[in-house]
Amino acid sequence: MSKIIISPSILSADFANLERDIKRVEDAGADWIHVDVMDGHFVPNITIGVPVVKSIKKISNLPLDVHLMIENPEKYIQPFAQAGSDILTFHYEAVKDVSSVVNIIKSYGVKAGMSIKPKTPAEEILEFLPLLDLVLVMTVEPGFGGQSFIKVCAEKIPLIKKYASENLIIQVDGGINAETAKICTAYGANSLVAGNYIYKSGDIQKAVQSLR
């Protein structure tokens with residue numbers, strides 16, 4: 001997979017003008033829309049839920065890349081899948097039985113992703129790679145936008161790539177900009193999530209292109 005998939009995070013969009021801001025990244029050549037769902041328990045912040053995903057699905061043709069930073073994600077897979085999520089990514093640290101959660105996601109015809117926090121070693125998840133469509137390596141502590149990139153986290157990517165199938169999407173989220181994007185793609189990442197870098201830039205199209 002040579003193309004780098006760019007997934008702008010709407011966490012950095014203007015929620016009073018969400019449709020406008022989604023259209024702006026669509027027009028700028030984004031591939032997916034990244035939706036950060038936080039519950040105030042698994043991470044110390046609360047963001048958005050099922051109704052927003054449902055609303056976005058009505059106004060965007062791009063795949064919805066939904067990142068569940070929540071406890072007990074298995075309880076919420078059905079509503080998020082039915083709301084129009086194309087990819088559902090849960091946290092390895094939030095579940096007891098990875099394969100069971102993956103099976104629930106796939107039963108709705110949705111791609112299954114799994115994310116790891118900065119302190120979780122890549123070695124812990126290698127056995128699950130054949131089950132997954134996507135692995136999300138967090139390069140900041142999940143919970144807030146605008147944090148600085150932690151390079152040592154990106155160093156997990158080559159090991160994941162070594163054991164991954166050719167089709168596995170290796171996504172990185174946290175402190176991504178034109179410079180850190182180069183580090184991640186050199187290590188083997190093929191999908192980048194960026195919020196502030198895209199939405200706070202003066203030129204959204206230029207920001208999206210610079211990540212490729």
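In this predicted model, the largest pocket holds about 270 Å³ of space. Of the 25 residues that line this pocket, G145, G146, D173, G174 and G175 are the closest to its centre. Three elements, β2 (33–38), β8 (191–194) and α8 (196–199), each supply at least two residues of the lining. Sorted by class, the lining of the largest pocket comprises 11 nonpolar, 11 polar and 3 charged residues.

A second feature is the packing of two helices. Two packed helices are described by the angle between their axes and the distance between the axes. Helix α1 (residues 18–27) packs against helix α2 (residues 50–59) at an angle of about 50 degrees, and their axes lie 11 Å apart. Angles from 65 to 115 degrees count as roughly perpendicular and those under 35 degrees as roughly parallel, and α1 and α2 are therefore oblique to each other. The crossing in which α1 passes α2 is right-handed. On the α1 side the contact is made by L18, E19, I22, K23 and E26, while α2 contributes V52, I56 and I59. By class, this contact of α1 with α2 has 5 nonpolar and 3 charged residues, with no polar ones.

Conventions. Residues are numbered from 1 along each chain as its sequence is written. This is a predicted model: local features need pLDDT of at least 70, side-chain atom pairs count only at pLDDT 80 or more; totals for chains, interfaces and linings use all residues. Side-chain values use heavy atoms; hydrogens and water are left out. On a 1 Å grid over the protein atoms alone, a cavity is a set of points where a 1.4 Å probe fits but cannot get out, and a pocket is an open set with protein on both sides within 12 Å along at least five of seven lines; lining residues have an atom within 4 Å of a point. Grid points are joined across faces, edges and corners, and a volume is the space filled by probe spheres set on the points. Helices (H or I, at least four residues) and strands (E, at least two) are DSSP runs, numbered from the N terminus. Ala, Val, Leu, Ile, Met, Phe, Trp, Tyr, Cys and Pro count as nonpolar, Asp, Glu, Lys and Arg as charged, and the others, Gly among them, as polar. Axes are lines fitted to C-alpha atoms, for helices over the stretch in contact, and angles run from 0 to 180 degrees between N-to-C directions. Angles under 35 degrees count as roughly parallel, over 145 as roughly antiparallel, 65 to 115 as roughly perpendicular and the rest as oblique. A crossing is left-handed if the near helix is turned anticlockwise from the far one by less than a right angle, and right-handed if clockwise. Contact means heavy atoms within 4.5 Å.
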